[in-house]
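Let's look at a model together and ask what stands behind the words used to describe it. Here it is.

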Amino acid sequence: MRSSFSNLPLRGVKVVDFGQYIAGPAVAMLLGDLGATVVHIDPPDGPMWDSPANATLMRNKLIVNLDLKSEEGLAQARALCAEADIIVENFRPGKLAVLGIDFAAMREERPELITLSIPGFASNDLERREQRAFESVVAASSGVFTDMGLNRVLMGLNPSFSPLPLASAYASQIAASATVLALQSRQVTGLGDQIEVPLAAAVMEGLCYNSIKVSDMPERYLTQREVEIERRRVEGLPMNVSYEELQELLDPFFRSYMCKDGRMFYVVCPSHKNHARRCLEVLGLYDEMIEAGLQEEEDTYKPQSEWVSDTSLGVYPMPKFWADKIAARMKEVFLTRTSHEWKRMFGRAGIPGAPQRWLQEWINDEYAETSGLMIDVTDPEYGEMTQPGPVVWMEESGEEALNPEPRRLVDFDEALAVLRKLPTDIPAPKEKPEQEGWLSGVRVLDMCNVIAGPHAASYLARFGAEVIKLDPATPLYDSWNTVIYGLSQGRGKKSILADVKSEHGRKVLEDLVKSVDVIFWNAPDNQIKRMGLDADSLRKLNPEAIFCKLDCFSGVRRGTRTDYIGYDDLVQAATGIMLRFGGAMDRPEEHAHVGTIDVMCGFGGALAVAAALYQKHRFGRIGRGRTSLSANSGLLQVPFAYDFRGRGLFDEPSGPEANGYGPLHRFYSTASGVYILLCAYETDLPRFREVEDLSDLPDLPEEDRATYLAGAFQTQPATEWIARLRAADIGCAICNNIDALRSENLREADGTPGIDRGSYSFSQDSNHPSGHEVIQLDPYAVRPTRGKVFALSPTEKFGTSTRAILHDLGYSDAAVARMLETGQLSESWSAEYLPS
């Protein structure tokens, strides 16, 4: 295992991993990649999920086969647990305790122990906790398959299947970050914690931007697709828009274009003051569109009724007239060059855009290899194997993270000896620790934009961190991007507006940097250096501050695309997610818009900060945390993101017609017209003998199963089938939708985080500062026993706290007034919270 001279931040941390399938093993993998020593426990016959993906999920782990149902196996498991700092499991609530591994009892004996449970549904969800909560069951129950984006709604493809393990990927990032936050808190208090992160709650947090509901939303924020959906619903028309028709409802700066080489190129630059203009300039269309009457409104935060024109370049969404006009010309120009040429031209000009590529191409991409986004590991079973690189890393130890140890099967004695060699060094437990939340007393500066970075900072606020959001005095992004997204990622923060390139703004930035413990920024390296936030310069300003960078394309090492800017959608395009969802090069589709990689990367940023804080407390070393959207795409696609000699086809379910993995694992329509998801495996076939009207299934040849099941399911309503299947302990779920989940699990905002409310919890804020009634998901996925989770204050209007923050930094009333008069600092971007 890792050398005792390792510089990785979790060096010396001991983890026992009982996890199976994806979520639990992925948490332990993330901890192992950061330097923890991990012993993984498998049943005597090996892992419950037989997949080459286990080579990735089990790297940096010693694997021991134990029978927990035998006295000897249980005693050995307990002996390993007695040496651990962290224990991980992801079974149904209480299952491990029944076997004799009782986390609550263990923590009574060892209050410094940190335990993590990742059940499918929450332990306090009496309705669902005992279900067989496979990945697809959680997704169906949580509205994932029925809310896969506006495109699928318009095309009438509902439910839509996706093989991406969204629930497990989100849960593993949330759970890993929570575990390490508890670990760094232990260095302060001497006390561990017992944590639960349900898969259902985790995937809902990933979809928090999709599930928010704002009353009386101004029309300027409604896209052509949203307007068309509402029109069809009002007029009773079917949702049967073709893929080709759908493309004409997309914004010209938010869609794919065919190139000279037969490849599609995805453009994502609809909301930035400069990106859309640069895009038209590179395409040679800017002057043409300006001559045709396209305006660039100076202040798009004024009510739209006060604009010179009906639109402005760099504002999303565009009205249909301009969208059609610009898209028509962009189609023509993109056909004049190859996708590779456009990739270089867009990247070098600072415009977000990327060619559509298949996953197989991404795994073997030269940049992915050079940057460490894909690495080679010599696995004992598959030999030389390409796997996703580290998802989260420290700048100072990233190179070491690129060389993980392959998984290794050992006997119990060797595993125990390895753990015993590592001393546990923590302060003595305090009877009454001063720290209420894991991050109480920690001050965070958030300089990020869009979703990933700001979401990371907001996530830390729920654990007691004080977060200050710093934005420009004059906005660069339109209000759809800042205010609409900010309703979610601005919660729990104070907002200050300052031009950090100006004299006064620069001084305020330096004062803020000197006052905080953590800084988040999602800027390229050259911009970070210019602002004096590179490692050497930051050390002079605040030698104790931890810096965390989140971006689009970076890996541990620099490469040609490291500084290319981009968003979630671009990574979906570059790593094969869009082509898998769409099914073909000429019909790529965005996957679950907003709720795919962005928020997951935010939790990755939180994990980086947690690891850096632990490293600071434990070793006195100040680190710089890193993660990227591209790195997180490896975690999201971990079931099939690998290559080796002799690998089979990259044939995971893809395209709009995909409805599952096979007859036992797919959607079926019922007599009530409601779809259910059946999620069963070959080993489950005997269970069907107990199910009325399905008892003949085990006797049928495989090719006849789908027809048999489709006919049978049409004889009874969905609720009856769910009751029968669950009585036989067969995985299944009604395909729920977010609207229903929101209405069934809604409460008035009451100042609590919702962790006591089962697997789903939404709050309605009728007195939101925006003046609109806002319903949004509670910050409820992480459920600690000792540490407190705080309900987040609603997002304040941008600039609301400018004066208060300046006063807190020691500026007098007169000094604040002078700075505001210069325009280098500001208290507001607009008269209205949500510009109309």
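Q: What makes helix α22 count as mostly covered?
A: Of the 11 residues in α22 (479-489), 11 are buried, where buried means under 20% relative accessible area, exposed over 50% and partly exposed in between, with a 1.4 Å probe and protein chains only. Trp480, Ile484 and Leu487 are among them. Before we go on: this is a predicted model, in which local features need pLDDT of at least 70, side-chain atom pairs count only at pLDDT 80 or more, and totals for chains, interfaces and linings use all residues. Residues are numbered from 1 along each chain as its sequence is written, and side-chain values use heavy atoms, leaving out hydrogens and water.

Q: Why is α9 called largely enclosed by the rest of the structure?
A: Because 8 of its 8 residues are buried. They include Leu199, Met204 and Glu205. Helices here are DSSP runs of H or I with at least four residues, strands are runs of E with at least two, and both are numbered from the N terminus.

Q: Why are α8 and α9 called roughly perpendicular?
A: Helix α8 (residues 166-189) and helix α9 (residues 199-206) pack at about 90°, with axes 8 Å apart. Angles run from 0 to 180 degrees between N-to-C directions, and axes are lines fitted to C-alpha atoms, for helices over the stretch in contact. Under 35 degrees counts as roughly parallel, over 145 as roughly antiparallel, 65 to 115 as roughly perpendicular and the rest as oblique, so α8 is roughly perpendicular to α9.

Q: Which residues of α8 and α9 meet?
A: On the α8 side, Leu166, Tyr170 and Ile174 are among them, and on the α9 side, Leu199 and Val203 are included; contact means heavy atoms within 4.5 Å. The residues of this contact divide into 8 nonpolar, 2 polar and 1 charged.

Q: How do you know that β12 and β21 pair?
A: Pairing needs at least two bridges found by DSSP, and β12 (residues 383-388) has 2 bridges to β21, in the antiparallel sense. Met385 stands opposite Phe644 in β21.

Q: What makes β11 and β21 edge strands?
A: The open sheet runs β11-β12-β21. Both β11 and β21 have a single partner strand, so one side of each is left without a neighbour in the sheet.

How values were computed. Nonpolar A, V, L, I, M, F, W, Y, C, P; charged D, E, K, R; others polar.
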